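Hi,

Here is the structure I promised to pass on. Have a look at it first, and then read my notes below.

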Number of protein chains: 2
Amino acid sequence: MERIYLYDTTLRDGAQREGMSLSVEDKLRIAHKLDELGVPFIEGGWPGANPKDDQFFERLQSTRFKHSAVVPFCSTRRAKVRASEDAGLLKILAAKTEWITTFGKCWDLHVHESLRTSLEENLAMIEDTVSFFRTQDRRVIFDCEHWFDGYYKNPEYALAALRAAALAGAQWVVLCDTNGGMLPQQIRVSVEAVRDYCRDQGLEVHLGIHTHNDSETAVANSLAAVEAGVRMVHGTINGYGERCGNANLCALIPNLQLKMDYALIAPEQLARLTEVSHFVSEVANLAPNDHAAYVGASAFAHKGGIHVSAVQRNPQTYEHIVPESVGNRRRIVISDQAGLSNVLTKLTEMGFNFDRHDPAVGRILQQIKLLESEGYQFEAAEASFELLVRECLEIRQPLFSLEGLYTACQTFPDGSVRSEATVRVRVGEALQHTAADGNGPVSALDAALRKALVGCYPQVAGMHLVDYKVRILDSACGTSARTRVLVESSDGLGRWTTIGVSANIIEASCRAVTEGIEYGLSR
Amino acid sequence: MERIYLYDTTLRDGAQREGMSLSVEDKLRIAHKLDELGVPFIEGGWPGANPKDDQFFERLQSTRFKHSAVVPFCSTRRAKVRASEDAGLLKILAAKTEWITTFGKCWDLHVHESLRTSLEENLAMIEDTVSFFRTQDRRVIFDCEHWFDGYYKNPEYALAALRAAALAGAQWVVLCDTNGGMLPQQIRVSVEAVRDYCRDQGLEVHLGIHTHNDSETAVANSLAAVEAGVRMVHGTINGYGERCGNANLCALIPNLQLKMDYALIAPEQLARLTEVSHFVSEVANLAPNDHAAYVGASAFAHKGGIHVSAVQRNPQTYEHIVPESVGNRRRIVISDQAGLSNVLTKLTEMGFNFDRHDPAVGRILQQIKLLESEGYQFEAAEASFELLVRECLEIRQPLFSLEGLYTACQTFPDGSVRSEATVRVRVGEALQHTAADGNGPVSALDAALRKALVGCYPQVAGMHLVDYKVRILDSACGTSARTRVLVESSDGLGRWTTIGVSANIIEASCRAVTEGIEYGLSR
């Protein structure tokens, strides 16, 4: 199996995504995760461009990685300045890395419009920068910025720029589709031309590819480049990046390794891909894309009734790969389109054994349809689903009942805000009337509820909310729209999710929080 | 320019997406929008499979479309039943459409595992079904289900199934990658083989392609099929669909039309693509993907300082197409990575003219960075940004000030919930102390505020909230996480968005609502 070298740029190009902002600590955590995944190159940022990247590279000097080299990124030297006297390049050297990535203009238009210098000076800037880093014993990756636009507009100049980097000693030259507009066939033709050019000129340099997703073909563009001969692939976790994002490593890695038989990372590392994807979205505080190829929560979800019975007999019928090979899993989805077969599967997972003709199963299906028409969705709220099933089977234990709720939120003249909640909770014969403060009405309500229950159920002391998600349904009606709240609770051992829907956000939250506690107590 | 026929399946395959549910009314609205876009084929659903699809096709009989044929979708006849006696097929005829799409198994594994019938019977089912529809004067599109898996496992059988449909009179045979696992090269090889087979066998049938995104290459797979000779392309708006979705028409259409020079829809229809994308996500009540190719809000967003100055001199430097050709637009983004050049552009858009060295510009930048570190994001809240600028320039007019806020939410023994808010608002010398009810604390607050202001500012009577979005930041801390609220307001003439961030959702909402009213009054 031939090797492909992965080059992750989540921390640099990925962080350009609108709405994404990583702290130094975030960057370090992600770098360690990428090291565990076995990524050989991690582009860490641009020392000198901002204080965050300076600190990141400083912190790296006391950090050891097992599989990864962290690489700084920088432009070629400024025009009309010696490389050895360019303050920017000296800051890159100060990061003390083995590898350095530097990018240069390969499109004549950009030399004129963006650098505003001459074509000759730009070639000298490329050559000097690479040579300078080489004399300092660094290994160099040269990013050919705007390669494809440049190649199609002025191939002679583009090739001259690439040649300058290669002759100056760059180990890799990476062909970048900076504007992201190329289609796979255009990539293929240009990469083949470069491959032939390097052979004819005797240039001993390896080729890489760096694509963006502006035509929604970044992954396929990278695959076409590999087929045409490149051996380094740039990309980001979850395809994060400017505009429409970079090539998504979470799709590229399994495509190359499972379907095209290249060697990238060890199978046990590949089996952590879903975890890495979710970790990075958590750290970046971005909602994961449930519909992402390979790693999305829906990637191996089965909804239709016929699907479900066939996939259980033979997974190959409806699954393109074994979900576990990328750390994902098959999911049978509960929904009004589901039909009997899915509900039965779900019930079996919960430990119930029903015949498909049992009237209880019909009652459950009917109840799901009713609640879904009100905006409930049990796909992500399995604990609420389980309570609903127990309700329909008349085995739900009434552990407590909330008989009254009052929340208030007040601002004070000094600018402070206070939220409090009072609850009336009945446990058996006893009525608990308690009050608590919180950071907002929902945390106050959660605190008051647990205060009311802890006497009878000491285990609530070990339970807490870990996530709280709000979604406005029919949001075009403004604040009188219905609100769907998902609450994730934990008791330190496990996690479970409950749901509440109401026109009133407090009531919706109250239902989800109450069910979360009830489910935890019944575990 | 050669023609490619678009076939939209948003209403059928698209609606299989987890979390998506369309009413009959929703489906009709989307069908009309697709007609305006100029899509020749709209797959509407499966009459007989569920009451919703029955109603949809009933309603269609009194509906006229200008560009589109709405097509029902169904499986081939059941095993061991005459087509003319198959109740399912009779329901399809009852929809009275010119075209019918029927799908049949082309992978021997599925004949055994899913249909559980013989290979010969499956071929007969295909032939009978297509013939039956043809004798009823319908034109037939035959979907070769699991084409590619079938072709690579047992090409003879796959080709026999395709041949049965073609000889029975199908006008189109569509090669489906039902499990979505194929890569572009595999698609290309198989389509070329089919093309040659049809030519050698003298089959007069047109070829189509239907792909799914499980390898994140659905768009590129469709392009490869077009290059190999297909002339009908299936897909969905925004790529909605089961698991990882279907091929995304919002990327396929511009790729084929703007970059590969095929004729699909008129240029003025193409210029409505962004609108159609947003319309469908609104109707489906799914958040639009800001990072979508061509139609996403970030697709032509520029953040970095150098980018911004170059793209303003020559758009070609950083844009792969003219954004307006697909109805999108260039956006200059405000963010801590923005730098001076972006803020200056934004100020110019707002009608201010500042020199880049003006200390006011520095103050604005600093204030943005401070607020962004607290969780504010002005990218989507331009009205709040404008108020911030006025604040920094000391020209923000204090129209009113909120001196006190109290919200309460209470449940009653009959199960009802009441939310009310009281506000103390100072306008000049006068203090208004008002109260109002609402569907939840935020709508109560909005109502109380407007009640307090309407005496002094009668125009608030014409203003209302149109959208309310909540995002939990650092949501891993549960309900004590910070909450970011975006509020969209309207006065019937325009819309504007404001933002509030706080640990307390009520306080965050209050800031956004208050700024929304202030901005509306200052317009």
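One thing before you start: this is a predicted model.

Cys144(B) sits opposite Leu175(B), a residue of β6(B). The strands behind that pair are β5 (residues 139-145) and β6 of chain B, which run parallel and share four bridges. On β6(B) there is also a link to β7 (residues 206-210) of chain B, again parallel, with five bridges. If you want a place to look there, find Val174(B), which faces Gly208(B) in β7(B). To get from β6(B) to β7(B), the chain goes through helix α8 (residues 184-201) of chain B, and this β-α-β crossover is right-handed.

Is β6(B) buried or exposed? Five of the five residues of this strand (residues 172-176) are buried, so the rest of the structure largely encloses it. Side chains in a regular strand alternate between the two faces of the sheet. Here Trp172(B), Val174(B) and Cys176(B) point one way, while Val173(B) and Leu175(B) point the other way.

Now for where the chains meet. In chain B, 91 residues are in contact with 90 residues of chain A. The chain B side of that contact has 35 nonpolar, 37 polar and 19 charged residues.

Where the chains join, β11 (residues 401-411) of chain A pairs with β11 (residues 401-411) of chain B over five bridges, and Cys409(A) has Thr407(B) as its bridge partner. Further along, nine bridges connect β12 (residues 417-427) of chain B with β13(B), and Val423(B) stands opposite Thr434(B) there.

Over in chain A, have a look at helices α17 (residues 441-453) and α18 (residues 505-522): their axes come within 10 Å and cross at roughly 35°. The crossing is right-handed. Among the residues that meet there are Leu445(A) and Leu449(A) from α17(A), and Val513(A) and Ile517(A) from α18(A). By class, this contact has nine nonpolar, two polar and two charged residues.

Cheers

Conventions:
Residues are numbered from 1 along each chain as its sequence is written. Chains are lettered from A and ligands numbered from 1 in the order in which they are written. This is a predicted model: local features need pLDDT of at least 70, side-chain atom pairs count only at pLDDT 80 or more; totals for chains, interfaces and linings use all residues. A residue is buried if 20 or more other C-beta atoms lie within 10 Å of its own, exposed if 12 or fewer, and partly exposed in between; C-beta atoms are placed from the backbone. Helices (H or I, at least four residues) and strands (E, at least two) are DSSP runs, numbered from the N terminus. Two strands pair if DSSP finds at least two bridges between them. A crossover is right-handed if, with the strands pointing away from the viewer, the path from the first strand over the helix to the second runs clockwise. Axes are lines fitted to C-alpha atoms, for helices over the stretch in contact, and angles run from 0 to 180 degrees between N-to-C directions. A crossing is left-handed if the near helix is turned anticlockwise from the far one by less than a right angle, and right-handed if clockwise. Two residues are in contact if their C-beta atoms, placed from the backbone, lie within 7 Å. Ala, Val, Leu, Ile, Met, Phe, Trp, Tyr, Cys and Pro count as nonpolar, Asp, Glu, Lys and Arg as charged, and the others, Gly among them, as polar.
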